[in-house]
Amino acid sequence: MKNKLIHFVEEKYLNKNIFSLKSGYLIEIKIWVIESTKKRLQIFKGIIIAIKNKGLNSSITLRKLSYGEGVEKIFFIYSPIIHSILIKKKFFFRKSKLYFLRKKNKFYVK
């Protein structure tokens, strides 16, 4: 009973227009950033190293190199701060979790 109620509430917030994302895709996410009274778009471009599909709590982990340091950020796919998601390039990997890219700081794609 409780699970059906949660599923009913989550259906309202799930966006049906989200396309399938896979690990290894190079994507660009535009997120809304609020600074005092201003609201602006910020771009985070990186490669997907992990995906968690759990309904409304679905998330992706992005990794990029910034000035030689690896930066990882977790984004909830159905979050209201996400403005858009663009797929830039598709890389093929045989694994679903690409945590080995943490050791290879040379892996950077423009």
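I call a residue buried when its relative accessible area is under 20%. The model I am reading is predicted.

**Entry: the chain as a whole**

I started with burial. Of the 110 residues in the protein chain, 28% are buried. Then I looked up the surface. The chain exposes about 8500 Å². Carbon and sulfur atoms supply 55% of that area.

Residues 24 or more positions apart account for 54% of them.

**Entry: secondary structure**

I found one helix and five strands.

I then checked one pair. E3 covers residues 59-66 and runs antiparallel to E4. Eight bridges join the two. One of the residues I looked up was Ser59: its bridge partner in E4 is Phe76.

**Entry: Ile77**

I moved on to Ile77. Ile77 sits in the loop between strand E4 (69-76) and strand E5 (82-90). Is Ile77 buried or exposed? Ile77 counts as buried, because its relative accessibility is 11% and the cut-off is under 20%.

Last, I looked up Ile77 and Leu14. The two are 63 residues apart in sequence. In space, their C-alpha atoms are 9.5 Å apart.

How values were computed: Residues are numbered from 1 along each chain as its sequence is written. This is a predicted model: local features need pLDDT of at least 70, side-chain atom pairs count only at pLDDT 80 or more; totals for chains, interfaces and linings use all residues. Side-chain values use heavy atoms; hydrogens and water are left out. Helices (H or I, at least four residues) and strands (E, at least two) are DSSP runs, numbered from the N terminus. Buried means under 20% relative accessible area, exposed over 50%, partly exposed in between (1.4 Å probe, protein chains only). Contact means heavy atoms within 4.5 Å. Accessible areas come from the Shrake-Rupley method with a 1.4 Å probe; for residues, only the protein chains shown count as cover. Two strands pair if DSSP finds at least two bridges between them.
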